[in-house]
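Please open the structure in a viewer and keep the selection tool at hand.

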Amino acid sequence: MDRQPPTALLSPQEWEQLLDDFASSSNPSRRDRWLHLPLLDLAVSSLLRRDLPSHLKPLLLSLVDDHLPPPLPSSLPALLASLLSFPPDHPLRDHLLVTVVSAFASALAAPISRDHEAPHLAALVDALLAAANRPNHAPDRAARALACDALRALDAALPGLLAEALGHLYALAAAERSPAAQSYLLLLASAARHAVRLGRLASGASILAVAGPPTPFAVPAHLLSPLAAPGASVAPPSEVNVRDTRKVLALLMDRPQVLTPAAAMEMMAILAEVASAVLQWAPAIAAHIKVQFGGMVHSSSPMLLHSLLTLFVQFPDAFGAEDERTMAHRLALAAREVHRPLAVRLLALHWLLGSGKFRNLVPGLARWFYPAVFDPLALKAKKLDCLAYVAAGVDGEKVAAADRASDQATRLLDDGLVCVSAFRWLPAWSTETGVAFRALHSVLVGAAPHSTDGTSCSGARELLNSTIFHHLQAILVDMASEHQGLVPVIADFTNRLLACNSHRWAGERLLRTLDECLLPRLEPGYQLASYYPIFEKIAQNETVPQHHLIELLTKQMVSLTKKHGPDTELKSWSQGSKVVGICRVMLKHHHSSHIFLPLSHLLVLTIESFPDLEVRDHARICLRMLSCVPGKKLRHIMGVGEQPSGVTPSHPGSLYDIPSPRAAQDLKSMPDLASYIHLERVVPLIVKQSWALTLPNFSVQSRPSGSILSIQDVSSAPSEQENPTGPTIERIGYRQETLRVMDSKVTITFSSSAHFGKIPSCHIPFILGEPPGSGMDIVPIDNQNREESSYCASVTIELEPQEPSPGLIDVSVEANTENCQVLSGSLKPITVGIEDMFLKASVPPDTPREGVAMYYQDLFHALWEACDSSTNTGRETFPLSGGKGSAVIDGTRSVKLLEVTPKVLIGAVERYLASFVVSVSGGSLVTILRGNGVIKNVMWEENVPDASVGADALVPYSPDNNLQLHLIDDEDIGVGAERYGHESKREMGTMRVMIFLPPRYHLLFLLEVGRASTLVRIRTDHWPCLAYVDEYLEALIS
Amino acid sequence: MSGGGCSVRAIWILTPNDTVAFSRRFAVVEKRWRAAWEAEEGDGEGDRRGTGAAPLLLPADHEVAAAFAERWRREGTARGSGIRTNVSSVGLDSWVDDPITRHIISLRLDKEEGDGFMLWPVVLQKRGGYYVLVLPLVDPQPFRAYENLLKRSDCGSSAKENGNLSSILFNLPCITGAFMVAHVVGDIITGDIAEPEVIVSSGPSVGGLLDSLTGSIGISARAKPIAAPVAAPTASLSSPVGAAQSDSLKGGVRPFDKDLLRNFIIGAMPFGTPQDLNYANVTSIRTTGFSGDPLPTDQKQPAWKPYLYKGRQRIIFTSLETINAALYDRDDVPDFLSVSGQVTCRAELEGLPDVSLPLTGLKTAHVEVSSFHHCVQASEPTANKQTLVFQPPLGNFVLMHYQAPCNIAPPVKGFYQLSMVSENEGAFLFKLTLMEGYKSPFIMDFCMITMPFPRRRVASYDGNPSIGTVSMTEHSIEWRIVSSGRGLSGRSIEATFPGTVKFLPRTVQRINSSFRSVSSIGYTEDSDSEQDNAKNGASLDDYIMEKINKDLHAVDLEEPLSWQVYNYAKVSFKITGGTLSGLTIDPKSVNVYPSVKAPAEYSMQTSSGDYILWNTLGKCPTAALPREL
C-alpha cells in the first residue's frame, strides 16, 4: 500500500485535548485548530499503538464516526488496509469494521470509478462475504452477523450492489441456524428488495441464479455505469422470477417468531415491498402474510404492532373486517395499558385515528376512551380527542333516532370532561383547564373540519344547529357565570375561533350566545371586572348587538358611582377607565347609529356623575367622538397611529392595563414633545437678543453691594415669524406620527428663575374646541406645515414681577395619553422682555376723566425731579397716603442718542410707546402727532420748548453729528409732515414718556426730537433697568 | 427511501445544562437521507434547499444543544408544550396542539447565514435528568406534511382532515422504532437495566440472563441476583413527593457509562438500523461471545435467545400485580380500582422446547386487555380460556401483561378526613379496615399511609393511632400500620388515627429555578376581581385553598392531575400469596414439549401503585366510568 504514515503522531495528552475540544459545546471554534491534521488517518493508525491508553481508542473511532466530516473516496484505501491488517480478535475490530464500512457507504455513490474506487469496494465486499460464508460456524457467529449487517449497509448505500449475489445469500440464509440467522435473513431481504427496485424481476434470468462462487466479488456493472440506475420496471415479472420471489418470501416468512421485534419491523417493511411486486401474480402471498404475522396483534411490542398496522394497509385483501375490528380494539386497549410508556399509549390512539380503515371503527370503541383518573393528562387529552371524534360523528348522523344520538353525544362530552373538571376551580392556567378547553375545541373542529384550502369548512350549518354545539355553548356560559377565573380562557377560546378563517362563524355565534345568555345573569359590582375580557370581545364584534352590554355597563357605572368612597378611589378609577375603554372599542367597531342612543346615555351618565375626573374626561372624549365624527371616519381615526413615537405603552394592545397611578412619564421618553405643541407670543418682543441681570436679594433697603451674580442669555433665538398680528399662541397641526391625547385638555405649567412670582398653570381645552372630524391626533409641526395647523388656543400669562427685569419662563405640558399614562414634557421657553414690564401708572380713583392727562404730566414732573440724582443726593421721600410710611426714591439718570429721522422715531413711539406718552411739546411735533391721531389724551404744548430741559444735558450733542437742519421730505411722516416741510428749527419738539415698572418703579423718557437724531433723557428710580432700556431703545428704532 | 422500517440518523444525549453528553451519528443512514432529498429535488419539486426546509448535513453537537435550549426557551413550559395556548405561535410544536409533540419534537437550527433548517421528527425522552434525542430517517414527504402542520394558520386540525398528525404518525413506523431506541438508551443511562423480577417461593429471587449464562457455563459470576425492587415501600414515581425528588435531581445528573452505551449501540444497531434492543442479550454477546455454545441441529435458534440453557431444569412463573385505587367514601362518587398485572417467567430449560400454558378464569377475572411477549403465540381467547404457546427466551422475561378490575374487596378501605380549623392547623381522622375478606395464604407484608403536604411545612402533629407508629417529615406525616417482618395474615384489622397537624405559617415559595415551568403565562390575576371568600361566607377550606392556589404551578402533561391542590393520603403496601384480579396460573397445567422433567413453580405478589384515599371533606378529582352507547 502506498499509504503515507502520518507526519507526526499525537501523544495521548494531545488526543485527550483533541477529543475534549471536539466535545466542547460551548466553544465550537476550539476544534478548528486540529482540522489541518489528517485526523482520519491519525485516528485509525493510532488504534494499535501501545502507548495509548485503552480507554482512548474507542473514542478515536467515535471521533471518526461522529465528528469528522464524511471521508473522501481518496481516504478509503488506507481505511481498508487498516481493517484488513487489524488483528481479528482485537476488541476494537467490530468497531473499526463499522467505521470503515460506514466510511465506504457514505463516501461512494454510483457511478463508482472503475479504476480507483471499485477495486477497494470489491476487496471490502470480498472480505465481508468471506466472513459471512461460513454458515453455522458457532464461535464467530457474532462476527458473521456483523459481516451480514455490514453488507446490508453497503447494499443500501449502493443499491443493487449484491443483486447478483442473491443466490448465495439465499443459500446462506437458508442454512444458518444460529441466532445470527436473523442477520442473514435481513441481508437476503435487503438484497432482494434492491433486485426488485432494479427491475430484475422482469428479466428472464432467475434472480437467484449465480455465476460462480461468492468470492472474488465484482462490483456490478450498473454501479459503474455513468447512466443512472434503471428505475423500477413497469414490465411484469417473469414467471421464473415470480416463482423465485415466492421462494425467497417463503424463506423470509418461515418463522418470523425467531426475529427480534426490531428486526421483524425491518423485515416486514421489506417483505411488504417485495411481496407487493409479485402480489398480482401470486395473490396467495397475502394470505400467507396474514397467517405468519397476524398473531402479532397480541404482542406487547409497539414495533410489532405498528408493523402489523402497515401490513393491514398494504394488503387490504388479506385482512378482513373482523381482523380490522380486532386490531382497532387492540389499539384502543393498548392505550389503557399502564405498563406501556406514555408516548406509546399516545401513539396507539394516533394510529387509530390515523387511518381511515380504523378511524371508522372508533365510534364503536367509545367506552374504551373514557379517561381514567390516574391517566396522565396528555393521555386524557388524547382520549378526549377520540371521544370528541365519536361525539361529533354521532351527532352528525342525522337519522331517525336523532334525539337519542344527540343525547349520546352530549353525554360523551360531559363524561369525558369529568376527568378534567377540576378546572372549574383551579387557576385559569392550570394544565387541567388547558386540556379541557382543548377538548371543547376538538369537538368543534371534529364536527366541522377545515377544508383543504383552508377557506371554508364543511358542516358549518349542521354544526350551528346541532345539539352538541348548543351544549358546548351552554357549558361555556355556565362556566363563565360560575367561575370568573375562567373568563380569560373563554375569551381566548373565542378568539381562537374568531382568528380562524374557517371557524369565525362559530366564534361569532358563541359571542352572541354569551351576549344573550351570560350577560343577563351578571350583576354589576366590582367582580364584574372579571368579565371585561369577554365584554371586549363582544364590543369588538360587529355581528353582536351591543345593547345588552351597554345596558350592563350602564348599571355598572351606576354601581361604581354608588359604591365610591374614600377607600375606593383607585378601584373606581381603574374600573371606570375599563368601562369607558370598552365603550371606545365599541365606537371603533360599530356604526354609531346602532349604538348612538344607549352609548351616549352611558357616556353622559359617566360625565355627569362618575366620581373620577379622569374617567369623566375620558368619557367626554368618547361622547364627543360619538356625536361629532361620522362613523366611518371615526373608525379610521381610531385605527391609525395607535402609539405616538416616544410614548412607551406599558402593555401594548390592551385596554385593561392599570397604569401606575399618575406616574409622570420620564421626560427623556418624550424628547420631542415641543415639536407637537408650540407656543408663540402674540406680540413679538422688540428686543431680539437679550440677557438678564440677576441680583442677590435685591431690594432698595439692602442695596449696598449690588454685585452681579450672573448674566445669562434670555432668548437665544428670535421668533422670526412674520405674522405678528395672528392670535396664535399654540398651534397644533396634523402630520406624520400622531400623538394621541385622551384628555379634553392639556395642562400647561410655568416656572421661571426670574422674579416673576408664582405663575398659575392653565388648561388648554383643545379637543372641545376642535371642529368635528379633526380627531385627537396631534402631529409634529414644522415651518412648512404651519399654515395647515387648524387648531390654536390663546394662553394668557400673568406675571407678578418682584423686580422689573427680562427673563425666561419654562413651560411644561401634561396630558393623558390613550392608555391613561400621564405624558409630560417641556416646550420651548417663553421669553419675557423688559417691555413686558411696561405699565401705565395708575390714576387715583377720584381723578376726573378730563384731568388724567394733567395728572400724568404733574406726576412726570414730580418724578423727574425726584429722580434727579443731582438734587438732594438723589434721594427723596414721599409720604404715602394714609400716613403709613413713605416711599423713597433713589434716582438715576441717563441719556441716549438715537440717530434716526423723526419719521422713524415717531413711527416707533406711536407703535410701541403711545400709551405711555404724557405730553408733547413743540409746534411741529405736536402738529405731526396730532395729525397722526395715534397719541391721544396727552398734554399738547405747541410752543415754548422747555429751555431748561436742554440745559442740563449730560452729553448735549455728539461732535460728529451733523447738526445742520435738513429738509423733511419724507412723505411718510404723515398728515402733518407737509406743514413742517419748511421748519427750520433744529428741534422739532419734545415728548415725555412715563412708564410704571412693577412692582413700584418708574421709567421716564424725555425725547428731544431733532431732524437728524433724537436725544432721549432717561430717569428712573430703578437703576438696573437702565441696561435693558438702552437695548430697548436701540431695538425700538432698528 | 426510508422503506417503512426504522433507521436512525443520530442519537444525542443532552444534559440539563444544554450540553451534549453523548452523540452518535450513522453515516450510512445519513447517506440515504441525502439521497432521498436529492432524488426528490431531481424530480422537479423545485429547489428546497434555499427555503431552508431540510439540511443535507447533520448539525454539530453544539448546534443541537443550542437548538434544544432555544426550543425550551420558546415553549418549554408545562402547558406551553403539547397544547396550544394563547402564547403559542405558528411554527412552534405547540401550535400543532397535540400532546405527542412533547415526545416528537422539531428542532430549528438557525445558521448565521440565515439558512435555517428544521430537524424532525426528533424523538425525545427525559430520563434521569438527561434528554435522549433520537432522529429517525423519514422521507421528504412526511417531513413536509409536518412542516405544513406547523404553518397552518387555522385554529387547529381535527382527525377528519387530510394530512393530520395522526395519519403522518401512522405511516412512520420509524418513529415507533426510535421510541424504543430512546427507551433502551434511557434505561442504560439511568442504570435501569435489571430484568423483570421473578420470585421463587422458596428462597430469594433468582437472577437474570447472566446468571443463567454463567451458571450454564460453570462460572459463578455474581453472588447477588438482579432483582427489580418492584414494591419498595417508597412512593411511586407519580407521587408528588417522588416527583419533587426527581426534579431536584435535575441539577446534578448522575454520569453514565458512555463506553457501555457505545458498545451497546455497536451491537444493537451498528449501522443505524436497530436489530436487537434487548440490553442483556446485546451486551452478553458483546462481552461473552460464543466460545462453547452449541447450535441446535434441526431448527433456527431465535435471535432473541442467543444462548441455550444447560443445567437443572425448572420453570418459574410469578404474577406481579399493581393496584391503583381512588377511594372517595362518598355516595355520589364511585370508587375506582384497577389492577395492572404481569406474569413474569424464567424457563431454565435445555434446548429449544415449546411451553404451553393454559390461562383460565379470564372471564371471571374480567381481564380487559392482555398482551404477550413476542415469543408467544396466543390462541384466540375462548369463553374463559386462552392457551399460550411459547419458546421461552433465556433469563427473566415478561410473558404477558394484563389489565383487570380488582375482583376482591380493596385490601385497605375506609376514609380519611382532613379539615382545616385555621389557616395553619388541621384536624384529621382515619378509619381503615385492612385485609377484610382476605384469607390465608394472603399476607400483607407491610402497610404504610402517607399524608403528603408538599406545599406546607409540617410543624407538629398530635394524636395516637390505634395501631402502628407515626413519624413526620418536613412535608408529610407517615403512619406505618403494618411493618415489614410482621406480616398480616389470615385476619383483618381495623385501624383508626384521629389527630391534628400544625403547619408553619406560609411563606412565599420560591420555585427551584431548574424547574422549567412557567405556569401563569398569559393570565394575570386581576386585583379587581379578587373575591374575599371569607367575607362571602365560603368555607375556611375554600378560602385557604384559594389562597394557596395562587402560587400553584401548572403540572406537566405527564402527570395525571395537579396533586398539590388536593388533600389525600397515599397507601403503600405489599401483599403476597395471591392476586387481586383473581387471574392465576395452575403450574400443573404447564406442558413442555419435547417433554422433560421440569418442575413448575408459581408465586404471586401485589403491590400498591397510586392507592389514594381522597380527603372526604375536600375536593377530589374523579373520572366518569364508561357506559355503553
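Is A:K382 buried or exposed? The model is a predicted one, and in it A:K382 has a relative accessible area of 3%, so the residue is buried.

**First stop: a link between chains**

Select A:K382 together with B:D98: the two form a salt bridge whose closest N and O atoms are 2.6 Å apart. A:K382 belongs to helix α18 (residues 377-396) of chain A, while B:D98 sits in the loop between α3 (93-96) and β3 (104-109) of chain B, so the pair joins two chains. B:D98 has 5% relative accessibility and also counts as buried.

**Second stop: salt bridges within chain B**

Next, select B:R346 and B:E348, which are joined by a salt bridge with 2.7 Å between the closest N and O atoms. Both residues are buried.

Move on to B:K570 and B:D610, whose side chains meet in a salt bridge of 3.4 Å, N to O. The former lies in strand β21 (residues 568-576) and the latter in strand β23 (residues 600-614), both of chain B, so this pair ties together parts that are 40 residues apart in sequence. B:K570 and B:D610 are each buried. Over all chains, the structure holds 51 salt bridges.

Finally, display the four strands of chain B that form an open sheet in the order β10-β11-β8-β22, with antiparallel pairing. At its edges are β10 (376-378) and β22 (591-593), each pairing on one side only. From one strand to the next, the twist averages 20°. Strand β8 (residues 354-360) pairs with β22(B) over three bridges; select B:D354 to find its bridge partner in β22(B), B:Y593.

Notes:
Residues are numbered from 1 along each chain as its sequence is written. Chains are lettered from A and ligands numbered from 1 in the order in which they are written. This is a predicted model: local features need pLDDT of at least 70, side-chain atom pairs count only at pLDDT 80 or more; totals for chains, interfaces and linings use all residues. Side-chain values use heavy atoms; hydrogens and water are left out. Two strands pair if DSSP finds at least two bridges between them. Axes are lines fitted to C-alpha atoms, for helices over the stretch in contact, and angles run from 0 to 180 degrees between N-to-C directions. A salt bridge is a side-chain nitrogen of Lys or Arg within 4 Å of a carboxyl oxygen of Asp or Glu. Buried means under 20% relative accessible area, exposed over 50%, partly exposed in between (1.4 Å probe, protein chains only).
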